[in-house]
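Please examine the sequence and the structure shown below before reading on.

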Amino acid sequence: NILFYYFFFLIFFTKISAQEKVVYVDIDFIMANSKVGKNLSSQIEKIHKNNISYFQKKEKELKKEEEEIIKQKNIINKEEFQKKISELRDKANLYRASRKEKIDKITKQRLTATANIVNELKPILAEYADKNSISLIIQKKNIIIGKSNLDITSEILSLLDKKISKIKLK
């Protein structure tokens, strides 16, 4: 079954390459090495570090509060102890919810910014294809074997860097 698909694509792309010009581009490389991609990574990393610092501080506060409650176990009555444990549990639940919210937010921001970069990239690819009479541009990750002279990644990277260098996270 896999062999059938391999031969199908081999024959299909052989026919296409005989008739049309086909090239490929490494989108992942462009995302990682373009000015805008590096800018995005830098912003995400800064937010991530701030989040980690915030999480560590909150965890330390909760741990300290837990230790204080444990020290008071034999000093305060049982109802008061249970009340303090319940309050601590509520604070821990709020912390977990806050942490999840911050992680989800940064994930959403990354996805939105990446989609914006791809939207900036599409017209660049279309214009490049039109100027160079290219019929098909394929992502490199979908190619098993390809001649290196068909790789247009560096040209597209250069065009993207000229068009956009920064992106604002929302």
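The model is a predicted one. Across the whole structure, a search finds 8 salt bridges. Side chains of opposite charge can pair when their charged atoms come close. One of these pairs joins glutamate 66 to lysine 63, at 3.6 Å from N to O. Both residues belong to helix H3 (residues 35-71) and stand 3 residues apart, about one turn of the helix.

A further salt bridge, at 3.0 Å from N to O, is formed by the side chains of lysine 91 and glutamate 65. Lysine 91 is part of helix H4 and glutamate 65 part of helix H3, so this pair ties together parts 26 residues apart in sequence. Lysine 163 and glutamate 120 also meet in a salt bridge, at 3.4 Å from N to O. Here the link is between distant parts of the chain, with lysine 163 in helix H5 (residues 153-163) and glutamate 120 in helix H4, 43 residues apart.

Helix H4 (residues 78-131) also contains aspartate 90. Together with Glu79, Glu80 and Glu87, Asp90 forms a patch of negative charge on the surface. Aspartate 90 counts as partly exposed because its relative accessibility is 45%.

Glutamine 109 lies in helix H4 as well, yet this residue counts as buried, at 10% relative accessibility. Apart from neighbours within four places in sequence, glutamine 109 is in contact with Ile47, Leu169 and Lys170.

Finally, serine 133 lies in the loop between H4 and strand S2 (136-139). Serine 133 has a positive phi of about 50°, although it is not a glycine. With a relative accessible area of 57%, serine 133 is exposed.

Methods:
Residues are numbered from 1 along each chain as its sequence is written. This is a predicted model: local features need pLDDT of at least 70, side-chain atom pairs count only at pLDDT 80 or more; totals for chains, interfaces and linings use all residues. Side-chain values use heavy atoms; hydrogens and water are left out. Patches are made of residues with over 30% relative accessible area and no salt bridge: like charges are joined within 9 Å, nonpolar side chains (Val, Leu, Ile, Met, Phe, Trp, Tyr) within 5 Å. Accessible areas come from the Shrake-Rupley method with a 1.4 Å probe; for residues, only the protein chains shown count as cover. A salt bridge is a side-chain nitrogen of Lys or Arg within 4 Å of a carboxyl oxygen of Asp or Glu. Lys and Arg count as positive and Asp and Glu as negative; His and the chain ends are not counted. The place of a charge is taken as NZ of Lys, CZ of Arg, CG of Asp or CD of Glu. Helices (H or I, at least four residues) and strands (E, at least two) are DSSP runs, numbered from the N terminus. Buried means under 20% relative accessible area, exposed over 50%, partly exposed in between (1.4 Å probe, protein chains only). Contact means heavy atoms within 4.5 Å.
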